[in-house]
Amino acid sequence: MTSDDLSAISADWLKSLEVASSTGDVASFVSHFLSNGWIRDLLCFSWNFRSLSGLNEIHGYLSEVVDGKPRIEHSGLRDFKLDDHTVNAPSPFKLPGPQGIEGVQGAFTFSITQPAALGRGFFRLTQDVNGRWKALTLFTNMQDLVGYEESLADQHGLYEDRGITWEEDVDARFRAIEADPTVLIIGGGISGLMTAAQLRRLGIRALVIEKNARVGDSWRQRYPNLTLHTPADYSSMLYSPYPSTFPKYIPKGKLANFLDSYAVDHELCIWLSSRVQSTPVYDSSSARWTVEVQRGDRTVFINPKHVVLATGSGSPRIPTWNGMDEFQGALYHSDFHKDAEQFRGKHVVVVGAGNASADICQDFVAHGAAEVTMIQRSATCVVSSSAMEQTHFKPPFPDGTPIEEFDFLTNSMPLAFLLQVQKSGGVQHMKMLDKELHEALSKVGFNLTWEISPGGGEVGFAEFLFKRVGAGTMLDIGCGKLIIEGKVKIKQGQDISHLDKDGITFKDGSKLPADVIVLATGNEPIMETARALLGNEITEQLPPEVWGLDSEGELNQIYRPSGHPGLWFAIGGFAISRFFSKHLGLQILARELSIA
């Protein structure tokens, strides 16, 4: 099809959809979908994230009564216009898999009546059995509240009639935030920083507290050979792409320094060497928290309306075996790995076969350990960095296109539908790209998998990410080659029985001598971190999980209502935090405006 054909198909379908939406005609609106079509709605029809599949589910959602009107009429989406001046203008698409679903996709803009807001959407159209163009997926996404659009302009400088300097202006703003923060963000890592930057653009006073002495220390203090496993473009921070001089895979120290400068460049109000001292208390009558913060050697009480937990992926999970206190070598969790050089010439055992294990094994090999053995307790989903780049990290856009356009395209697909696509052919394509790697790993006894549960279908990396925060995966950047070459040995198929002074004994009676044992055994559930911080009374009011997929396929609790007023979770990697920090900001802003 020509570009004119693509535009004509898109325009005709979109015009008809707008008539149905603007007149509140649920039946007509739903008739624009395939029988197995999907809608993913982020804050347009409700103040939550929803993904629904099938005509009955979509009809039921849009028919629900809100303030005396059907949801579709209450929200009042209108003014649909093709977004044909961006890289997401109408274009052809084809999904992987034997069916090879193909059609027309594109972005559009719209207005929302209640609340007064601006939105942007994305559609994927295919033809039904009668040749009519219908939606396979429709994405509706709130962009801004009218009158409260985020400010991109520099508010400082020497303007006419301005009596203070930039430094004085920033200092005054920081004092105002510290005196009465609307939002307290606990954690100054990538998610906390991006959330704070977003809130600042929306004019919301946000104070960040960070337990470390310097922004970026959570990366700076990790193991020496750590680099990002995802390309720099894909891993950029909100509003701030990395300089073109940065390497493709950014070392942890360079990233840490960038985060430090990010906080300064975006004028974020951060208290360093600060942590929550006692269990926060929420007063429902005033809708405010009381939070005791230990700031250096001072105790400070603050009363924010909102608390955002941006505390990362959870505390170290440390398994227990008999004899651990008898082991005479070094024994520690991978989170505390600092220096492989001190173990040069030693026998090393790393328990676990995921990303952290792979990095640490590489570090020990590079620093001359006599022998490095990886204990693989269960099968691992291994994907090479090159395969991930081809299938997940490479935007289908010209160089220089803002990463936000890629984020928008990526998030336009309902997560549950994405997993279906992976199961129906996407994983097979990735396995083909890594065929040689996988065959060689299997030959040396490394156990591979692409499904979380036996018989559940091969969904691959995406399901491990969405359901397990990536646990059980190895995004290979070199360890696979070391395993194949025998420089990292594999012990697989037997559970650990106990430790003694010399090493590990397995349940089949076999032994593995060790001078050092590193537990690359993952992290505790995020909810356990929340429980330690907030106490049982509050966490028992929350759903049981943070992260993982809910019944509709949306991520549990992150960047959306948590189940407790004034409490939010900002958790996730670069791409998730970069995209969803805006949604968190809009929800907090709406509550401050008393419209949500």
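Reply: First, the term. A cavity is a set of points, on a 1 Å grid over the protein atoms alone, where a 1.4 Å probe fits but cannot get out. Lining residues have an atom within 4 Å of a point. Points are joined across faces, edges and corners, and a volume is the space filled by probe spheres set on them.

This is a predicted model: local features need pLDDT of at least 70, side-chain atom pairs count only at pLDDT 80 or more, and totals for chains, interfaces and linings use all residues. Residues are numbered from 1 along each chain as its sequence is written, and side-chain values use heavy atoms, without hydrogens and water.

The whole structure holds two cavities of 30 Å³ or more.

Start with the largest cavity. Its volume is about 60 Å³. The lining consists of Arg-40, Phe-49, Leu-415, Glu-554, Leu-555, Ile-558, Tyr-559 and Phe-580. Six of the lining residues are nonpolar, none polar and two charged. Here Ala, Val, Leu, Ile, Met, Phe, Trp, Tyr, Cys and Pro count as nonpolar, Asp, Glu, Lys and Arg as charged, and the others, Gly among them, as polar.

Now the second largest cavity. Around it sit Cys-381, Val-382, Val-383, Val-427, Met-430, Lys-431, Asp-434, His-438, Trp-450, Gly-460 and Phe-461. Two elements, β21 (381-384) and α12 (415-433), each give two or more residues to this lining. Helices (H or I, at least four residues) and strands (E, at least two) are DSSP runs, numbered from the N terminus. By class, the lining of the second largest cavity has seven nonpolar, two polar and two charged residues.

Notes: 1 Å grid on protein atoms, 1.4 Å probe; cavity = no way out; pocket = protein on both sides within 12 Å on 5 of 7 lines; lining within 4 Å.
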